[in-house]
Amino acid sequence: MMTNPTGRVTQGQFSFLPDLTDDEIRLQIEYGLRKGYAWSVEYTDDPHPRNTYWEMFGMPMFDLKDAAGVMMELAQCRKTFPNHYIRLMAFDSMRGVESIAMSFIVNRPKNEPGFGLARHEVEGRCIQYKVHSYATDKPEGERYSG
Amino acid sequence: MSTPLYSIPGTAPAASAPEAAAPAAGARTVNEVLAQSQVEAVMDELDRDLIGLAPVKQRIRDIAALLVIDKLRASLGLAADGKHSAPSLHMCFTGNPGTGKTTVALRIAEILHRLGYVRKGHVVSVTRDDLVGQYIGHTAPKTKEVLKRAMGGVLFIDEAYYLYRPENERDYGQEAIEILLQVMENNRDDLVVILAGYKDRMDTFFKSNPGMSSRIAHHIDFPDYSSGELLQIAERMLQAQHYRFGEGAHEAFAQYLQRRMQQPHFANARSVRNALDRARLRAASRLFADRDRVLTEADLTTLMPADILASRVFQAPAS
């Protein structure tokens, strides 16, 4: 069985769709701003499903009125990390919610090797499974360079 | 990035952003643009609500006219090449305190919003403290945060000359200016920057920052108000607060203005507002002293000459 049939990491919103264009991203940001969310940009080179906390690129952006500010930050992040995963996250500060309301990937490395399933045999012939990212075989900064 | 294979609701206007965002798509006459953008209403309001400032109003009308004509040119496909088609709208307001710079900035934002030159039309008002950090590496994120907040609207920098402090060569203000310049140039269609401050100090500021001066298209000078205009302003303010001048109070206030204008630190409309606030205080104490009197509506809304003549300005004519 192929573990990575599409050759793409599928995390967050819209990840089964083709990559969003900048105009589409802008529309999503506008939607979030209308809802009162605070956007932030994050990046990583280790997209393991359990890697919840990616690196923050700058501070979360509060009190924005227009998507241009987020797009400017995103452009800067893409310039700095062209071969990393970059995602936009919208924080909903409403009382009782106070968590991430939207999150989607806006930048991917050119080739995504995906994940392998490793099996460990333990006592009593029990099998433990582990999801392993091929990219993390290389040291940080050299992943996705090929 | 790949082109989508599906249609997204809401992309139709976004795809043709330059024309569709403008309210005047397809308009052929000035009147059509004005009717579609309702900018005339804002300009009339400007004329009606703000007293004096004739050169400022004229200049704003000129700018609005240029923008309307630009809209018409754009609808005929006569606009300049793509990226630099947006005219530079950054402005500099110079004038003494209390001459209405902030008020006019709010109106300008409204006009630009109606004409579709800024997308959201809000005004972010900042001073040096909001832009310049306190230690190395603090300034850039701080300035960028403010710029990001102002995008889609107008960034109003009050007393902008404080950004540049020539006496301290390690001052972080220069860093803020550089970021500001970069964004003013590259994100011209995202935000409009308005600098404000005293005339002479802004002139020195521009002299030491020629890059800033050349990126600002409109230098607007706010003249001081005449005493007649200040009196009108005072009456407007009182009206808005449901007060009025009693018998002789109008003349007393005119006298007050004559004297106050000679004194240092006269801040035009702001001084008028402060004077009226103090007169209201005195009127309140005058009514408060008379505990058994039944106060009518007229008593509660009228400023008497005594309330104004009790001012410090009248007590020391010699100094």
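What share of the residues in chain B is buried? Buried residues make up 35% of the 319 residues in this chain, where buried stands for 20 or more other C-beta atoms, placed from the backbone, within 10 Å of a residue's own.

Before I continue, please note that this is a predicted model, in which local features need pLDDT of at least 70 and side-chain atom pairs count only at pLDDT 80 or more, while totals for chains, interfaces and linings use all residues. Residues are numbered from 1 along each chain as its sequence is written, and chains are lettered from A and ligands numbered from 1 in the order in which they are written.

Chain B has 17 helices and seven strands; these are DSSP runs numbered from the N terminus, with at least four residues (H or I) for a helix and at least two (E) for a strand.

Let us turn to the sheet. Five strands of chain B form an open, parallel sheet, in the order β2-β3-β4-β1-β5; two strands pair if DSSP finds at least two bridges between them. At the edges stand β2 (123-126) and β5 (218-222) of chain B, each with a single partner strand, so one side of each has no neighbour in the sheet.

Within this sheet, β3 (residues 154-157) and β4 (residues 192-197) of chain B pair in the parallel sense over four bridges. Here B:Val154 stands opposite B:Val192 in β4(B).

Finally, I consider contacts, which require C-beta atoms, placed from the backbone, within 7 Å. Among those in chain B between residues at least 6 apart in sequence, 78% join residues at least 24 apart.

How values were computed
A residue is buried if 20 or more other C-beta atoms lie within 10 Å of its own, exposed if 12 or fewer, and partly exposed in between; C-beta atoms are placed from the backbone. Two residues are in contact if their C-beta atoms, placed from the backbone, lie within 7 Å.
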